[in-house]
Amino acid sequence: MMTEILFGIRVIKFYTWEKHFTKKVAEFREKELRRLKVIKYLDAICVYMWAALPVVISILTFVTYALLGHQLTAAKVFTALALVGMLIQPLNNFPWVLNGILQAKVSLDRIQRFLQLSDQDLSTYYMAREPEDPDSAVELHDASFSWIPEETTGTRPEGSLELLNLNLMLKQ
């Protein structure tokens, strides 16, 4: 959206649509900041798990072993610590793998929503007829164009645009 606004800044200034687009950009930015906040919290959880998981797994393993009535010996503890040490790398990668899977699912859902959109019936908007003048490049007959902000009801708001019954012919 920002790219479109920057490319069309002259039109926005010309029609004095700054308030509307400032509001839209602020809404998109607020939504983006909320999502970035969630992502950073998830990233912080991943870093915490990366640091704490080996210790937590070792403690839980030894507590469970002892509560089951077995005797802990130095050989068993060192063997268990070596095995947990071998599992650290796969366990540390798990949160990032999970995050990647979630991001891929979101991307696939967006692509699927886009692909499931209905096709536009171009005959609704365009007529296939020959121009009256063979030298014309563009012809408009009784064309109407309007832009009214979504949040308005009934009255004609500031910043709206309406062209009615427009006739135009541009030569090549």
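Biologist: Which residues does Ser 58 touch, not counting those up to four places away in sequence?
Modeller: Leu 81 and Val 84, leaving out residues up to four places away in sequence. Contact here means heavy atoms within 4.5 Å. The model is predicted, so local features need pLDDT of at least 70 and side-chain atom pairs count only at 80 or more, while totals for chains, interfaces and linings use all residues. Numbering runs from 1 along each chain as its sequence is written, and side-chain values use heavy atoms, with hydrogens and water left out.

Biologist: Where does Ser 58 sit, and is it buried or exposed?
Modeller: Ser 58 is in helix H3. It is buried, with a relative accessible area of 10%. The classes are buried under 20%, exposed over 50%, and partly exposed in between, with a 1.4 Å probe and protein chains only.

Biologist: What's the overall secondary structure?
Modeller: The protein has 5 helices and 2 strands. In sequence order the pattern is α-α-α-α-α-β-β. Elements are DSSP runs numbered from the N terminus: helices are H or I with at least four residues, strands are E with at least two.

Biologist: Why call it more spread out than a compact globule?
Modeller: Because its radius of gyration is 31 Å, well over the 16 Å that the globule rule gives for 172 residues. That radius is taken over C-alpha atoms, and the rule is 2.2 Å times the number of residues to the power 0.38.

Biologist: What box do the C-alpha atoms fill?
Modeller: Roughly 100 × 35 × 30 Å, along the principal axes. Of the 172 residues, 11% count as buried. Take contacts between residues at least 6 apart in sequence: 54% of them join residues at least 24 apart.

Biologist: New topic. What's the volume of the second largest pocket?
Modeller: About 340 Å³. A pocket is an open set of points on a 1 Å grid over the protein atoms alone, where a 1.4 Å probe fits, with protein on both sides within 12 Å along at least five of seven lines; lining residues have an atom within 4 Å of a point. Points are joined across faces, edges and corners, and the volume is the space filled by probe spheres set on them.

Biologist: Which residues line it?
Modeller: Arg 35, Val 38, Ile 39, Leu 42, Asn 99, Leu 102, Gln 103, Val 106, Ser 107 and Arg 110 line the second largest pocket. Helix H3 (18–67) and helix H4 (74–115) each supply at least two of the lining residues. H4 gives the most, with 6.

Biologist: How many are nonpolar, polar or charged?
Modeller: The lining has 5 nonpolar, 3 polar and 2 charged residues. Ala, Val, Leu, Ile, Met, Phe, Trp, Tyr, Cys and Pro count as nonpolar, Asp, Glu, Lys and Arg as charged, and the others, Gly among them, as polar.

Biologist: Over to the strands. Where is Ser 136?
Modeller: Ser 136 is in strand E1, residues 136–147. It is buried, at 6% relative accessible area. Its side chain makes a polar contact with the Glu 139 side chain, at 2.9 Å.

Biologist: Which phi value does Asp 142 have?
Modeller: A positive one, about 50°, although Asp 142 is not a glycine. Asp 142 is in strand E1 and exposed, at 56%.

Biologist: What about Asn 165?
Modeller: Phi of Asn 165 is near 50°, positive in a residue other than glycine. Asn 165 is in strand E2, residues 161–171. It is exposed, with a relative accessible area of 55%.

Key: Polar contact = N/O pair within 3.5 Å; in protein donor to acceptor, adjacent residues only side chain to side chain.
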